[in-house]
Amino acid sequence: MNQTIDLELTATPPSDAVARIGERLDDFNIEVTGITDRLPLAVLVRARRDGPVLGGLSGRTSLGLLFIDLFYLPPDLRGAGLGRRVLQMAEDEARRRGCRNAVLYTISFQAPDFYQRLGWTVFGRVPCDPPGTSRIFLSKSL
């Protein structure tokens, strides 16, 4: 490599830079696997069809795997089965896309029991702050 390389550490990367990294990684994965199935996936929760987003789930499917990146419901919408419905919609769509497995992580003070009640299995824990807290990694066969 004959070019000068500059490294920049930032807490505010430009969205086009983040997109470029993702595109390049996706190109590499396609080159190696020949599979072009990466798609975003979201289940949005609204009070009305055209109302503001109150919560929901976002992630993606790729290489036969559902990745759940974010899942949030406001406290007043929890405990009545809505979370189960949101997660079920995402899992069903992942199956339609050919996914056989799913993965996510949560934090010990968030909802690990919720996921486990719905058939998810813990496969790893990594301690984080505050002391006594862990990131909990879960998977599920679809």
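L63 is partly exposed, because its relative accessible area is 39% and the class covers values between the limits for buried (under 20%) and exposed (over 50%), found with a 1.4 Å probe on protein chains only. L63 sits in the loop between β2 (53–62) and β3, and it has a positive phi of about 55° although it is not a glycine. This is a predicted model, in which local features need pLDDT of at least 70 and side-chain atom pairs count only at pLDDT 80 or more, while totals for chains, interfaces and linings use all residues. Residues are numbered from 1 along each chain as its sequence is written, and side-chain values use heavy atoms, with hydrogens and water left out.

The protein chain contains three helices and six strands, where helices (H or I, at least four residues) and strands (E, at least two) are DSSP runs numbered from the N terminus. Along the sequence these elements follow the pattern α-β-β-β-α-β-α-β-β. Of the 142 residues, 27% count as buried, and the chain exposes about 10,100 Å², of which carbon and sulfur atoms supply 54%; such areas come from the Shrake-Rupley method with a 1.4 Å probe, and for residues only the protein chains shown count as cover.

The largest pocket holds about 610 Å³ of space. A pocket is here an open set of points on a 1 Å grid over the protein atoms alone, where a 1.4 Å probe fits, with protein on both sides within 12 Å along at least five of seven lines, and its lining residues have an atom within 4 Å of a point. The volume is the space filled by probe spheres set on the points, which are joined across faces, edges and corners. Of the 25 lining residues, F71, Y72, A111, F114 and Y115 are the closest to the centre of this pocket. Two or more lining residues come from each of β3 (65–72), α2 (82–96), β4 (101–107) and α3 (112–117), and β3 gives the largest share, five residues.

Aromatic rings also deserve attention. A pair of aromatic rings is described by the distance of the centres and the angle of the planes. The structure holds six aromatic pairs, counted for rings of Phe, Tyr and Trp (its six-membered ring) with centres within 6.5 Å, and classed as stacked for planes under 30 degrees apart, edge-to-face over 60 and tilted for the rest. The rings of F71 and F114 have centres 6.1 Å apart and planes at 65°, so this pair is edge-to-face. The pair links distant parts of the chain, with F71 in strand β3 and F114 in helix α3, 43 residues apart. F71 is partly exposed at a relative accessible area of 21%, whereas F114 counts as buried at 19%. For F123 and F137, the centres are 6.2 Å apart and the planes at 55°, so that pair is tilted; it links F123 in strand β5 (residues 121–128) with F137 in strand β6, 14 residues apart. F71, F114, Y115 and W120 form one aromatic cluster.

In the loop between β5 and β6 lies P130, which a cis peptide bond joins to D129, with omega about -5°. Strand β6 (residues 133–141) includes S134, which is buried with a relative accessible area of 15%. Leaving aside neighbours within four places in sequence, S134 is in contact (heavy atoms within 4.5 Å) with T106, I107, S108, R125, V126, P127 and C128.
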